[in-house]
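Please look over the structure shown here before reading on.

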Amino acid sequence: MTSHPQDSPYDAIAELYDPWSRSVTEDVGFYVEEARRAGGPVVELGVGTGRIAVPTATAGIDVIGVDSSRGMLAVCAERARLAGVAARLDLRVGDLREPPVGKRVALVTCPFRSLLHMRNDTDRRRALAAARELLLPRGRLVFDVFAPSRDDVEETDGRWLEREPGIWERAEWDLETKTLTLSVRGESGEGTMELSWLAPQEWHELLESTGFEVEACYGWFDRTPYAGGEDTVWIAQRSS
Ligand SMILES: C[S@@+](CC[C@H](N)C(=O)[O-])C[C@H]1O[C@@H](n2cnc3c(N)ncnc32)[C@H](O)[C@@H]1O
């Protein structure tokens with residue numbers, strides 16, 4: 001692993017992350033399918049504990065995984081070792097706005113809303129431009145994000161909810177600044193992180209202005225076209 005001086009709020013919840021996200025499985029097959037379509041290798045930005053990267057490697061595709069959390073990468077490395085695919089994973093500590101990757105690939109992914117950690121358009125543009133730089137001509141960036149519904153905000157705002165047995169989550173929504181402050185606590189850790197969302201049209205405009213053509217915007221991982229709702233799944237092609 002390469003080194004990076006900064007700490008990440010994910011370090012404190014690295015051991016909690018997998019039990020916390022245990023029920024999130026709907027996206028794994030989708031990202032593995034995209035990796036197969038690209039033929040590998042894949043760069044995953046915000047690779048985390050390898051929830052997507054390890055199944056991708058198990059499918060025979062090499063992954064370069066970048067993450068700013070050393071703790072998350074340590075869990076990822078152990079998960080890959082246990083799955084017998086450590087040799088297929090190249091894990092690097094780094095910022096997704098400036099990924100420490102020289103190689104050019106056909107597919108860059110940023111699964112499970114990691115781009116929401118970009119807090120303003122300057123950072124979003126930096127992240128998208130950096131992803132574009134990693135792509136071969138006509139290569140694809142695939143990512144998913146969300147924008148909350150009013151119902152979701154009203155049902156959850158400020159309340160501790162048990163997401164998994166013994167794992168509690170609290171969302172504090174700021175509709176003015178479009179910011180979610182998300183706290184999680186459980187036996188193996190606790191932490192708080194901030195996420196900022198955009199409307200789908202704003203993501204579309206950002207992609208086009210950073211050198212991508214939007215090939216598809218799905219409303220779910222079954223490739224249903226987006227028709228309103230909280231989730232969007234984007235396939236964007238490097239335009240030149
Ligand atoms: C919601 S998790 C997603 C992890 C993994 N992709 C998955 O699908 O489970 C977000 C990840 O993005 C990483 N992250 C957040 N900000 C980052 C940044 N600026 N640069 C690199 N990684 C970042 C976090 O450390 C965390 O591992």
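**Surface and overall build**

In this predicted model, the chain exposes about 11000 Å², and carbon and sulfur atoms supply 47% of that area. The points below are grouped by topic, beginning with the chain as a whole.

**Fold and dimensions**

- The chain contains seven helices and 11 strands; its radius of gyration is 17 Å, close to the 18 Å that the globule rule gives for 240 residues, so the chain is as compact as a globular protein of that length.
- The C-alpha trace spans about 45 × 40 × 35 Å when it is laid along its principal axes.

**Burial, contacts and charge**

- Among the 240 residues of the chain, 50% count as buried, a class that takes in residues with under 20% relative accessible area.
- Of the contacts in the chain with a separation of 6 or more, 66% are accounted for by residues 24 or more positions apart.
- The side chains include 28 positive and 41 negative ones, and the centres of these two sets lie 6 Å apart.

- Helix H2 covers residues 28–38, and its buried residues are Val-28, Phe-30, Tyr-31, Val-32, Glu-34 and Ala-35.
- The elements that cover these buried residues include helix H3 (53–58) and strand E1 (42–45), together with strands E4 (105–110), E5 (135–146), E10 (212–218) and E11 (231–238).
- After H2 comes Gly-39, which has a positive phi, near 85 degrees.

Definitions and conventions:
Residues are numbered from 1 along each chain as its sequence is written. This is a predicted model: local features need pLDDT of at least 70, side-chain atom pairs count only at pLDDT 80 or more; totals for chains, interfaces and linings use all residues. Side-chain values use heavy atoms; hydrogens and water are left out. Buried means under 20% relative accessible area, exposed over 50%, partly exposed in between (1.4 Å probe, protein chains only). Helices (H or I, at least four residues) and strands (E, at least two) are DSSP runs, numbered from the N terminus. Contact means heavy atoms within 4.5 Å. The radius of gyration is taken over C-alpha atoms; the globule rule is 2.2 Å times the number of residues to the power 0.38. Accessible areas come from the Shrake-Rupley method with a 1.4 Å probe; for residues, only the protein chains shown count as cover. Lys and Arg count as positive and Asp and Glu as negative; His and the chain ends are not counted. The place of a charge is taken as NZ of Lys, CZ of Arg, CG of Asp or CD of Glu.
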